[in-house]
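Have a look at the picture first, and then we'll go through some of its parts.

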Amino acid sequence: MLDAKIQQALNALALQAKQANQPLHLYFHGPQGVGKRQAAEAIALKLGMKLLVADIATAIAAKTELESILPLLLREAQFQDAVLYLQGIDALGSQEQVNNYQRLWEASAQFPSIAIFGGVGPTLSDIPGSTRTILPVSFPLPDFAQRRDNWQAYLSQSGISRPAQELDTLADRFRLTPEQIGDAVASAQHQARWQAAQASQEPPRALSLEDLLAAARAHSGQALTSLARKISPRSTWTDLILPPEGLTQLQEICNQVKYHHLVCGQWGFEQKLSLGKGLNALFSGSPGTGKTMAAAVIAQELHLDLYQIDLSQVVSKYIGETEKNLERIFSAAQSANAILLFDEADALFGKRSEVKDAHDRYANIEIAYLLQKMEEYEGVTLLTTNFRQNLDEAFTRRIRFIVEFPFPEADYRLQIWQGIWPKQTPLAADVDLEGMARQFKLAGGNIRNIALAAAFLAAENSQCVTMKHLLQATKREFQKMGRLIGEEEFWQFAQK
(Lines give C-alpha, C1' and ligand atoms only; values in the text may rest on other atoms or scores of the structure.)
Protein backbone atom coordinates (compact mmCIF):
# COMPACT_ATOMS: atom_id res chain seq x y z
CA MET A 1 0.00 0.00 0.00
CA LEU A 2 2.44 2.58 -1.25
CA ASP A 3 1.77 6.14 -2.21
CA ALA A 4 0.57 6.21 -5.83
CA LYS A 5 3.36 8.56 -6.92
CA ILE A 6 6.04 6.25 -5.47
CA GLN A 7 4.46 3.25 -7.21
CA GLN A 8 4.36 5.06 -10.54
CA ALA A 9 7.97 6.25 -10.29
CA LEU A 10 9.32 2.81 -9.31
CA ASN A 11 7.44 1.10 -12.15
CA ALA A 12 8.71 3.64 -14.68
CA LEU A 13 12.35 3.37 -13.55
CA ALA A 14 12.28 -0.44 -13.49
CA LEU A 15 10.68 -0.73 -16.94
CA GLN A 16 13.15 1.75 -18.45
CA ALA A 17 16.11 -0.16 -16.99
CA LYS A 18 14.74 -3.52 -18.18
CA GLN A 19 13.99 -2.32 -21.71
CA ALA A 20 17.29 -0.49 -22.11
CA ASN A 21 19.22 -3.34 -20.46
CA GLN A 22 20.81 -0.83 -18.07
CA PRO A 23 21.64 -1.16 -14.37
CA LEU A 24 19.32 0.27 -11.75
CA HIS A 25 20.44 0.40 -8.12
CA LEU A 26 17.96 1.60 -5.50
CA TYR A 27 18.22 2.18 -1.75
CA PHE A 28 14.87 1.69 0.02
CA HIS A 29 15.05 3.32 3.45
CA GLY A 30 12.41 3.61 6.13
CA PRO A 31 11.12 1.94 9.31
CA GLN A 32 10.60 -1.79 9.56
CA GLY A 33 7.27 -2.93 8.14
CA VAL A 34 6.52 -0.06 5.74
CA GLY A 35 6.59 -2.28 2.64
CA LYS A 36 10.17 -2.17 1.31
CA ARG A 37 10.35 -5.94 0.74
CA GLN A 38 6.85 -5.98 -0.79
CA ALA A 39 7.84 -3.18 -3.18
CA ALA A 40 10.86 -5.22 -4.33
CA GLU A 41 8.55 -8.19 -4.93
CA ALA A 42 6.15 -6.00 -6.91
CA ILE A 43 8.96 -4.70 -9.12
CA ALA A 44 10.16 -8.23 -9.89
CA LEU A 45 6.60 -9.35 -10.65
CA LYS A 46 6.02 -6.35 -12.90
CA LEU A 47 9.17 -7.17 -14.89
CA GLY A 48 8.52 -10.93 -15.01
CA MET A 49 11.79 -11.58 -13.15
CA LYS A 50 12.70 -13.66 -10.12
CA LEU A 51 13.57 -12.06 -6.79
CA LEU A 52 16.72 -13.13 -4.97
CA VAL A 53 16.62 -12.02 -1.32
CA ALA A 54 19.48 -12.00 1.17
CA ASP A 55 19.46 -10.62 4.72
CA ILE A 56 22.79 -8.98 5.58
CA ALA A 57 21.96 -8.67 9.29
CA THR A 58 21.25 -12.41 9.52
CA ALA A 59 24.47 -13.20 7.67
CA ILE A 60 26.51 -11.09 10.08
CA ALA A 61 24.81 -12.64 13.12
CA ALA A 62 25.67 -16.10 11.73
CA LYS A 63 29.31 -14.99 11.30
CA THR A 64 29.13 -15.54 7.54
CA GLU A 65 32.18 -14.53 5.51
CA LEU A 66 30.64 -11.60 3.66
CA GLU A 67 33.83 -10.98 1.74
CA SER A 68 33.32 -14.22 -0.18
CA ILE A 69 29.52 -14.41 -0.27
CA LEU A 70 28.74 -10.91 -1.60
CA PRO A 71 30.28 -11.58 -5.05
CA LEU A 72 28.43 -14.92 -5.17
CA LEU A 73 25.10 -13.22 -4.49
CA LEU A 74 25.67 -10.70 -7.24
CA ARG A 75 26.74 -13.40 -9.67
CA GLU A 76 23.78 -15.67 -8.80
CA ALA A 77 21.31 -12.83 -9.39
CA GLN A 78 22.89 -12.18 -12.77
CA PHE A 79 22.79 -15.88 -13.79
CA GLN A 80 19.13 -16.23 -12.77
CA ASP A 81 18.13 -12.89 -14.34
CA ALA A 82 16.74 -11.94 -10.92
CA VAL A 83 16.16 -8.69 -9.11
CA LEU A 84 18.57 -8.72 -6.16
CA TYR A 85 17.23 -7.48 -2.83
CA LEU A 86 19.73 -7.08 0.02
CA GLN A 87 17.93 -6.17 3.25
CA GLY A 88 19.41 -5.21 6.60
CA ILE A 89 22.10 -2.98 5.09
CA ASP A 90 22.28 -0.99 8.36
CA ALA A 91 24.14 -3.90 9.94
CA LEU A 92 27.14 -2.92 7.84
CA GLY A 93 27.29 0.51 9.44
CA SER A 94 29.41 -0.51 12.42
CA GLN A 95 33.14 0.10 12.61
CA GLU A 96 33.82 -3.65 12.44
CA GLN A 97 31.98 -3.95 9.11
CA VAL A 98 33.41 -0.91 7.34
CA ASN A 99 35.54 -3.05 5.00
CA ASN A 100 32.53 -5.17 3.98
CA TYR A 101 30.53 -1.97 3.44
CA GLN A 102 33.23 -0.73 1.09
CA ARG A 103 33.34 -4.06 -0.79
CA LEU A 104 29.53 -4.12 -1.18
CA TRP A 105 29.40 -0.75 -2.93
CA GLU A 106 32.42 -1.54 -5.07
CA ALA A 107 30.93 -4.87 -6.18
CA SER A 108 27.38 -3.56 -6.68
CA ALA A 109 28.66 -0.69 -8.81
CA GLN A 110 29.59 -3.31 -11.42
CA PHE A 111 26.25 -5.17 -11.20
CA PRO A 112 24.57 -4.75 -14.62
CA SER A 113 20.95 -5.42 -13.60
CA ILE A 114 18.47 -4.29 -10.94
CA ALA A 115 19.68 -4.34 -7.33
CA ILE A 116 17.73 -3.02 -4.36
CA PHE A 117 19.19 -2.36 -0.91
CA GLY A 118 16.95 -2.10 2.13
CA GLY A 119 17.73 -0.23 5.34
CA VAL A 120 16.33 2.00 8.04
CA GLY A 121 18.75 4.93 7.99
CA PRO A 122 17.92 7.84 5.70
CA THR A 123 21.43 8.15 4.23
CA LEU A 124 24.09 5.81 2.97
CA SER A 125 27.42 5.59 4.71
CA ASP A 126 30.07 7.97 3.49
CA ILE A 127 31.51 5.55 0.93
CA PRO A 128 33.15 7.23 -2.08
CA GLY A 129 31.03 6.84 -5.18
CA SER A 130 28.01 5.19 -3.54
CA THR A 131 25.76 8.22 -3.94
CA ARG A 132 26.64 8.40 -7.65
CA THR A 133 25.37 4.92 -8.46
CA ILE A 134 22.52 4.34 -5.97
CA LEU A 135 19.19 6.16 -6.00
CA PRO A 136 17.65 6.56 -2.51
CA VAL A 137 13.88 6.04 -2.20
CA SER A 138 12.15 7.00 1.04
CA PHE A 139 9.47 4.75 2.54
CA PRO A 140 7.97 6.94 5.29
CA LEU A 141 5.45 5.92 7.89
CA PRO A 142 1.97 6.07 6.32
CA ASP A 143 -0.01 9.23 6.96
CA PHE A 144 -3.48 9.30 8.51
CA ALA A 145 -5.36 8.51 5.28
CA GLN A 146 -3.03 5.62 4.42
CA ARG A 147 -3.25 4.20 7.95
CA ARG A 148 -7.03 4.37 7.77
CA ASP A 149 -7.00 2.55 4.43
CA ASN A 150 -4.73 -0.09 5.95
CA TRP A 151 -7.04 -0.66 8.90
CA GLN A 152 -10.05 -0.91 6.62
CA ALA A 153 -8.28 -3.27 4.20
CA TYR A 154 -7.01 -5.68 6.87
CA LEU A 155 -10.36 -5.69 8.69
CA SER A 156 -12.22 -6.30 5.42
CA GLN A 157 -9.89 -9.19 4.56
CA SER A 158 -10.94 -10.78 7.86
CA GLY A 159 -14.62 -10.13 7.22
CA ILE A 160 -14.82 -7.45 9.91
CA SER A 161 -16.70 -4.19 9.49
CA ARG A 162 -16.26 -1.26 11.88
CA PRO A 163 -17.86 2.23 11.81
CA ALA A 164 -15.96 5.02 10.06
CA GLN A 165 -15.49 6.89 13.34
CA GLU A 166 -13.67 3.91 14.88
CA LEU A 167 -11.36 3.65 11.85
CA ASP A 168 -10.57 7.36 12.32
CA THR A 169 -9.73 6.73 15.98
CA LEU A 170 -7.41 3.81 15.23
CA ALA A 171 -5.64 5.62 12.39
CA ASP A 172 -5.17 8.85 14.31
CA ARG A 173 -4.24 7.43 17.72
CA PHE A 174 -1.58 4.95 16.51
CA ARG A 175 1.16 5.72 13.99
CA LEU A 176 1.72 2.13 12.87
CA THR A 177 3.26 0.57 9.78
CA PRO A 178 1.07 -1.55 7.47
CA GLU A 179 2.73 -4.67 8.85
CA GLN A 180 1.94 -3.65 12.44
CA ILE A 181 -1.69 -2.91 11.53
CA GLY A 182 -2.07 -6.35 9.94
CA ASP A 183 -0.51 -7.97 13.00
CA ALA A 184 -2.79 -5.96 15.33
CA VAL A 185 -5.94 -7.13 13.52
CA ALA A 186 -4.75 -10.74 13.67
CA SER A 187 -3.87 -10.44 17.39
CA ALA A 188 -7.29 -8.98 18.21
CA GLN A 189 -8.95 -11.93 16.47
CA HIS A 190 -6.79 -14.48 18.30
CA GLN A 191 -7.56 -12.82 21.63
CA ALA A 192 -11.30 -12.88 20.91
CA ARG A 193 -11.10 -16.60 20.00
CA TRP A 194 -9.19 -17.35 23.21
CA GLN A 195 -11.71 -15.50 25.35
CA ALA A 196 -14.56 -17.31 23.57
CA ALA A 197 -12.91 -20.69 24.23
CA GLN A 198 -12.50 -19.85 27.92
CA ALA A 199 -16.17 -18.84 28.15
CA SER A 200 -17.34 -21.80 26.01
CA GLN A 201 -18.80 -19.39 23.46
CA GLU A 202 -19.28 -20.37 19.84
CA PRO A 203 -18.72 -18.46 17.62
CA PRO A 204 -16.40 -15.79 19.13
CA ARG A 205 -17.93 -12.41 19.80
CA ALA A 206 -17.45 -9.56 17.31
CA LEU A 207 -14.35 -7.45 17.76
CA SER A 208 -14.90 -4.17 19.61
CA LEU A 209 -12.98 -0.91 19.34
CA GLU A 210 -11.38 -1.69 22.72
CA ASP A 211 -10.08 -5.00 21.34
CA LEU A 212 -8.44 -3.26 18.40
CA LEU A 213 -7.02 -0.46 20.55
CA ALA A 214 -5.47 -2.99 22.94
CA ALA A 215 -3.96 -4.93 20.01
CA ALA A 216 -2.59 -1.70 18.51
CA ARG A 217 -0.90 -0.88 21.81
CA ALA A 218 0.62 -4.35 21.97
CA HIS A 219 2.10 -4.01 18.48
CA SER A 220 3.54 -0.54 19.02
CA GLY A 221 7.29 -0.24 19.45
CA GLN A 222 8.71 -1.49 22.76
CA ALA A 223 12.02 0.39 22.69
CA LEU A 224 10.85 2.77 25.44
CA THR A 225 10.71 -0.08 27.94
CA SER A 226 14.47 0.07 28.46
CA LEU A 227 14.49 3.87 28.77
CA ALA A 228 11.43 4.58 30.94
CA ARG A 229 9.06 2.95 33.40
CA LYS A 230 5.74 1.82 32.01
CA ILE A 231 2.77 2.72 34.22
CA SER A 232 -0.36 0.58 34.06
CA PRO A 233 -3.29 3.04 34.37
CA ARG A 234 -5.88 2.00 36.95
CA SER A 235 -7.40 5.35 37.90
CA THR A 236 -10.58 6.75 36.38
CA TRP A 237 -12.20 10.16 36.28
CA THR A 238 -14.09 9.41 39.50
CA ASP A 239 -10.77 8.94 41.32
CA LEU A 240 -9.64 12.47 40.44
CA ILE A 241 -10.72 15.03 43.04
CA LEU A 242 -10.07 18.43 41.48
CA PRO A 243 -11.84 21.77 41.11
CA PRO A 244 -14.15 21.90 38.04
CA GLU A 245 -11.70 24.09 36.10
CA GLY A 246 -8.90 21.52 36.38
CA LEU A 247 -11.16 18.64 35.34
CA THR A 248 -12.37 20.65 32.35
CA GLN A 249 -8.80 21.29 31.24
CA LEU A 250 -7.96 17.58 31.46
CA GLN A 251 -11.02 16.77 29.33
CA GLU A 252 -9.88 19.37 26.80
CA ILE A 253 -6.48 17.66 26.60
CA CYS A 254 -8.18 14.36 25.77
CA ASN A 255 -10.44 16.00 23.21
CA GLN A 256 -7.50 17.59 21.40
CA VAL A 257 -6.01 14.13 20.94
CA LYS A 258 -9.33 12.57 19.90
CA TYR A 259 -10.11 15.18 17.25
CA HIS A 260 -6.57 15.78 16.03
CA HIS A 261 -7.27 14.25 12.60
CA LEU A 262 -10.35 16.45 12.12
CA VAL A 263 -8.75 19.80 13.01
CA CYS A 264 -5.27 19.20 11.61
CA GLY A 265 -6.27 17.00 8.68
CA GLN A 266 -9.71 17.82 7.32
CA TRP A 267 -9.72 21.43 8.53
CA GLY A 268 -6.21 22.08 7.24
CA PHE A 269 -4.38 23.27 10.37
CA GLU A 270 -1.56 20.81 9.66
CA GLN A 271 -0.53 23.05 6.75
CA LYS A 272 -0.07 25.93 9.18
CA LEU A 273 2.04 24.00 11.68
CA SER A 274 5.63 23.13 10.84
CA LEU A 275 6.21 22.05 14.45
CA GLY A 276 4.04 21.62 17.50
CA LYS A 277 1.69 19.06 15.92
CA GLY A 278 1.75 17.03 19.09
CA LEU A 279 0.34 18.02 22.46
CA ASN A 280 2.15 18.96 25.64
CA ALA A 281 0.85 19.91 29.06
CA LEU A 282 2.33 20.95 32.40
CA PHE A 283 0.78 19.77 35.67
CA SER A 284 1.75 22.05 38.55
CA GLY A 285 1.10 21.49 42.23
CA SER A 286 2.35 20.24 45.59
CA PRO A 287 3.40 16.60 45.98
CA GLY A 288 0.48 14.21 46.35
CA THR A 289 -2.14 16.44 44.72
CA GLY A 290 -2.90 14.02 41.87
CA LYS A 291 -0.58 15.01 39.00
CA THR A 292 0.63 11.49 38.18
CA MET A 293 -2.87 10.12 38.68
CA ALA A 294 -4.19 12.65 36.16
CA ALA A 295 -1.62 11.43 33.63
CA ALA A 296 -2.81 7.86 34.22
CA VAL A 297 -6.45 8.91 33.75
CA ILE A 298 -5.61 10.57 30.43
CA ALA A 299 -3.75 7.44 29.27
CA GLN A 300 -6.73 5.31 30.28
CA GLU A 301 -9.16 7.59 28.46
CA LEU A 302 -7.09 7.61 25.26
CA HIS A 303 -6.15 3.90 25.40
CA LEU A 304 -2.46 4.77 25.17
CA ASP A 305 0.53 3.45 27.09
CA LEU A 306 2.05 5.77 29.71
CA TYR A 307 5.80 5.89 30.27
CA GLN A 308 7.34 7.76 33.19
CA ILE A 309 10.79 9.16 32.41
CA ASP A 310 13.43 8.64 35.09
CA LEU A 311 15.23 11.98 35.11
CA SER A 312 18.18 10.53 37.01
CA GLN A 313 18.98 8.49 33.91
CA VAL A 314 18.45 11.40 31.53
CA VAL A 315 20.57 14.13 33.09
CA SER A 316 24.30 13.55 32.82
CA LYS A 317 27.21 15.54 34.13
CA TYR A 318 29.08 14.81 30.92
CA ILE A 319 28.67 17.38 28.18
CA GLY A 320 26.42 16.22 25.35
CA GLU A 321 25.18 13.06 27.09
CA THR A 322 21.86 14.57 28.23
CA GLU A 323 20.97 15.46 24.63
CA LYS A 324 21.83 11.93 23.49
CA ASN A 325 19.58 10.47 26.19
CA LEU A 326 16.70 12.77 25.20
CA GLU A 327 17.19 11.84 21.54
CA ARG A 328 16.93 8.13 22.38
CA ILE A 329 13.77 8.69 24.41
CA PHE A 330 11.92 10.71 21.78
CA SER A 331 13.07 8.45 18.94
CA ALA A 332 11.77 5.40 20.79
CA ALA A 333 8.54 7.23 21.65
CA GLN A 334 7.75 7.86 17.97
CA SER A 335 7.18 4.15 17.38
CA ALA A 336 5.76 3.44 20.85
CA ASN A 337 2.59 5.53 20.37
CA ALA A 338 2.91 6.42 24.03
CA ILE A 339 2.34 9.31 26.41
CA LEU A 340 5.60 10.58 27.89
CA LEU A 341 5.50 11.70 31.53
CA PHE A 342 8.46 13.76 32.78
CA ASP A 343 7.96 13.74 36.54
CA GLU A 344 9.32 16.67 38.59
CA ALA A 345 10.36 18.43 35.42
CA ASP A 346 11.72 21.48 37.20
CA ALA A 347 14.73 19.36 38.22
CA LEU A 348 15.81 19.36 34.59
CA PHE A 349 14.06 22.37 33.09
CA GLY A 350 14.64 25.09 35.65
CA LYS A 351 15.27 28.71 34.86
CA ARG A 352 18.05 29.19 32.38
CA SER A 353 20.96 30.80 34.10
CA GLU A 354 23.24 33.54 32.94
CA VAL A 355 26.26 32.13 31.19
CA LYS A 356 29.13 32.40 33.65
CA ASP A 357 31.09 29.32 32.61
CA ALA A 358 31.05 26.39 30.19
CA HIS A 359 28.67 24.35 32.35
CA ASP A 360 26.05 27.13 32.32
CA ARG A 361 26.31 27.38 28.54
CA TYR A 362 25.79 23.65 28.05
CA ALA A 363 22.94 23.54 30.58
CA ASN A 364 21.12 26.13 28.47
CA ILE A 365 21.81 24.07 25.35
CA GLU A 366 20.20 21.03 27.01
CA ILE A 367 17.02 23.00 27.78
CA ALA A 368 16.84 24.38 24.25
CA TYR A 369 17.30 20.88 22.87
CA LEU A 370 14.45 19.53 24.99
CA LEU A 371 12.14 22.30 23.77
CA GLN A 372 13.03 21.40 20.20
CA LYS A 373 12.34 17.66 20.71
CA MET A 374 9.01 18.37 22.41
CA GLU A 375 7.90 20.47 19.45
CA GLU A 376 8.99 17.79 16.96
CA TYR A 377 7.30 14.94 18.83
CA GLU A 378 3.81 14.29 17.45
CA GLY A 379 2.54 12.44 20.51
CA VAL A 380 1.52 13.56 24.00
CA THR A 381 4.11 14.90 26.45
CA LEU A 382 3.10 15.56 30.06
CA LEU A 383 5.33 17.26 32.60
CA THR A 384 4.81 17.63 36.34
CA THR A 385 6.39 20.14 38.66
CA ASN A 386 6.11 20.93 42.34
CA PHE A 387 7.45 24.45 41.81
CA ARG A 388 6.10 26.13 38.71
CA GLN A 389 7.99 29.32 39.55
CA ASN A 390 11.26 27.47 38.90
CA LEU A 391 10.43 26.90 35.24
CA ASP A 392 11.85 29.12 32.56
CA GLU A 393 9.35 31.48 30.85
CA ALA A 394 10.54 30.45 27.39
CA PHE A 395 9.67 26.91 28.36
CA THR A 396 6.15 27.62 29.67
CA ARG A 397 5.35 29.74 26.57
CA ARG A 398 5.62 26.61 24.44
CA ILE A 399 3.31 24.55 26.69
CA ARG A 400 -0.21 24.21 25.31
CA PHE A 401 -1.89 23.45 28.65
CA ILE A 402 -0.90 24.40 32.19
CA VAL A 403 -3.13 22.71 34.77
CA GLU A 404 -2.94 23.71 38.42
CA PHE A 405 -3.39 21.03 41.09
CA PRO A 406 -4.16 23.01 44.26
CA PHE A 407 -3.72 21.65 47.77
CA PRO A 408 -7.16 20.21 48.62
CA GLU A 409 -9.45 22.12 50.95
CA ALA A 410 -11.60 20.33 53.55
CA ASP A 411 -14.47 19.55 51.14
CA TYR A 412 -12.11 18.00 48.60
CA ARG A 413 -10.20 16.15 51.32
CA LEU A 414 -13.48 14.58 52.45
CA GLN A 415 -14.18 13.39 48.89
CA ILE A 416 -10.70 11.86 48.78
CA TRP A 417 -11.23 10.11 52.14
CA GLN A 418 -14.58 8.77 50.97
CA GLY A 419 -13.29 7.54 47.64
CA ILE A 420 -10.02 5.99 48.83
CA TRP A 421 -11.60 2.88 50.36
CA PRO A 422 -12.33 -0.21 48.22
CA LYS A 423 -15.89 -1.51 48.58
CA GLN A 424 -14.61 -4.68 50.22
CA THR A 425 -12.79 -2.86 53.06
CA PRO A 426 -14.73 -3.10 56.36
CA LEU A 427 -14.99 0.25 58.16
CA ALA A 428 -16.08 0.47 61.78
CA ALA A 429 -18.95 2.72 62.82
CA ASP A 430 -16.64 5.04 64.76
CA VAL A 431 -14.65 6.05 61.66
CA ASP A 432 -15.13 9.81 61.27
CA LEU A 433 -13.98 10.65 57.77
CA GLU A 434 -15.50 14.12 57.91
CA GLY A 435 -13.52 14.85 61.07
CA MET A 436 -10.32 13.49 59.53
CA ALA A 437 -10.80 15.74 56.50
CA ARG A 438 -11.49 18.79 58.65
CA GLN A 439 -8.73 18.24 61.21
CA PHE A 440 -5.74 17.12 59.14
CA LYS A 441 -4.52 19.15 56.17
CA LEU A 442 -3.17 16.40 53.95
CA ALA A 443 -2.75 15.91 50.23
CA GLY A 444 -4.33 13.00 48.39
CA GLY A 445 -1.08 11.03 48.33
CA ASN A 446 -0.78 11.24 52.13
CA ILE A 447 -4.41 10.25 52.58
CA ARG A 448 -3.84 7.19 50.37
CA ASN A 449 -0.81 6.20 52.48
CA ILE A 450 -2.77 6.56 55.71
CA ALA A 451 -5.73 4.51 54.43
CA LEU A 452 -3.43 1.70 53.30
CA ALA A 453 -1.46 1.70 56.56
CA ALA A 454 -4.68 1.69 58.61
CA ALA A 455 -5.96 -1.29 56.61
CA PHE A 456 -2.81 -3.26 57.42
CA LEU A 457 -3.07 -2.34 61.10
CA ALA A 458 -6.66 -3.64 61.12
CA ALA A 459 -5.71 -6.79 59.20
CA GLU A 460 -3.12 -7.65 61.85
CA ASN A 461 -5.91 -8.05 64.41
CA SER A 462 -8.50 -9.37 61.91
CA GLN A 463 -10.68 -6.38 62.66
CA CYS A 464 -12.55 -3.67 60.84
CA VAL A 465 -10.68 -0.45 60.20
CA THR A 466 -11.36 1.66 63.29
CA MET A 467 -10.65 5.24 64.25
CA LYS A 468 -7.77 4.00 66.37
CA HIS A 469 -6.14 2.45 63.30
CA LEU A 470 -6.65 5.65 61.31
CA LEU A 471 -5.08 7.83 63.98
CA GLN A 472 -2.12 5.49 64.41
CA ALA A 473 -1.54 5.50 60.65
CA THR A 474 -1.86 9.31 60.60
CA LYS A 475 0.75 9.54 63.35
CA ARG A 476 3.16 7.46 61.27
CA GLU A 477 2.53 9.59 58.19
CA PHE A 478 3.25 12.76 60.18
CA GLN A 479 6.52 11.22 61.36
CA LYS A 480 7.49 10.48 57.77
CA MET A 481 6.64 14.03 56.72
CA GLY A 482 8.74 15.47 59.57
CA ARG A 483 5.76 17.06 61.31
CA LEU A 484 5.66 17.08 65.12
CA ILE A 485 3.66 14.22 66.61
CA GLY A 486 2.72 16.26 69.66
CA GLU A 487 0.83 18.90 67.69
CA GLU A 488 -2.19 20.10 69.62
CA GLU A 489 -4.55 19.62 66.68
CA PHE A 490 -3.67 15.90 66.53
CA TRP A 491 -4.08 15.08 70.21
CA GLN A 492 -7.27 17.09 70.68
CA PHE A 493 -8.86 15.18 67.82
CA ALA A 494 -7.52 11.84 69.09
CA GLN A 495 -9.23 12.31 72.46
CA LYS A 496 -12.68 12.96 70.99
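Two residues are in contact when they have heavy atoms within 4.5 Å of each other. Before we use that, a word on where the numbers come from. This is a predicted model, in which local features need pLDDT of at least 70 and side-chain atom pairs count only at pLDDT 80 or more, while totals for chains, interfaces and linings use all residues. Residues are numbered from 1 along each chain as its sequence is written, and side-chain values use heavy atoms, with hydrogens and water left out.

**The whole chain**

The protein chain has 21 helices and eleven strands. Both kinds of element are DSSP runs numbered from the N terminus: helices are H or I with at least four residues, strands are E with at least two. Of the 496 residues, 45% count as buried. Here buried means under 20% relative accessible area, exposed means over 50%, and partly exposed is in between (1.4 Å probe, protein chains only). If you take the contacts with a separation of 6 or more, residues 24 or more positions apart account for 77% of them.

Val137 sits in strand S5 (residues 135-138). What does Val137 touch, not counting residues up to four places away in sequence? The list is Ile6, Leu10, Leu26, Tyr27, Phe28 and His29. Val137 is buried, at 12% relative accessibility. Its C-alpha atom is separated by 9.7 Å from that of Gly118, 19 residues apart along the chain.

Asp168 belongs to helix H8 (residues 164-173). With a relative accessible area of 16%, Asp168 is buried. Leaving aside neighbours within four places in sequence, Asp168 is in contact with Phe144, Arg148 and His261.

**Rings that pair up**

A pair of aromatic rings is described by the distance of the centres and the angle of the planes. Rings of Phe, Tyr and Trp (its six-membered ring) pair if their centres lie within 6.5 Å; planes under 30 degrees apart count as stacked, over 60 as edge-to-face and the rest as tilted.

| Pair | Centre to centre | Angle between planes | Type |
|---|---|---|---|
| Phe330 and Tyr377 | 5.7 Å | 70 degrees | edge-to-face |
| Phe440 and Phe478 | 5.7 Å | 75 degrees | edge-to-face |

Phe330 lies in helix H14 (residues 321-336) and Tyr377 in the loop between helix H15 (358-376) and strand S10 (380-385), so this pair ties together parts that are 47 residues apart in sequence. Phe330 and Tyr377 are both buried. Ring pairs also link Phe330, Phe342 and Tyr377 into a cluster.

Phe440 lies in the loop between helix H18 (433-439) and helix H19 (444-460), and Phe478 is in helix H20 (residues 467-481), so that pair ties together parts 38 residues apart in sequence. Phe440 counts as buried at 0% relative accessibility, and Phe478 counts as buried at 0% too.

How do H19 and H20 pack? Their angle is about 130 degrees, with the axes 8 Å apart. Axes are lines fitted to C-alpha atoms, for helices over the stretch in contact, and angles run from 0 to 180 degrees between N-to-C directions. H19 and H20 are therefore oblique to each other; angles under 35 degrees count as roughly parallel, over 145 as roughly antiparallel, 65 to 115 as roughly perpendicular and the rest as oblique. Among the residues making the contact are Asn446 and Ile450 of H19 and His469 and Leu470 of H20.
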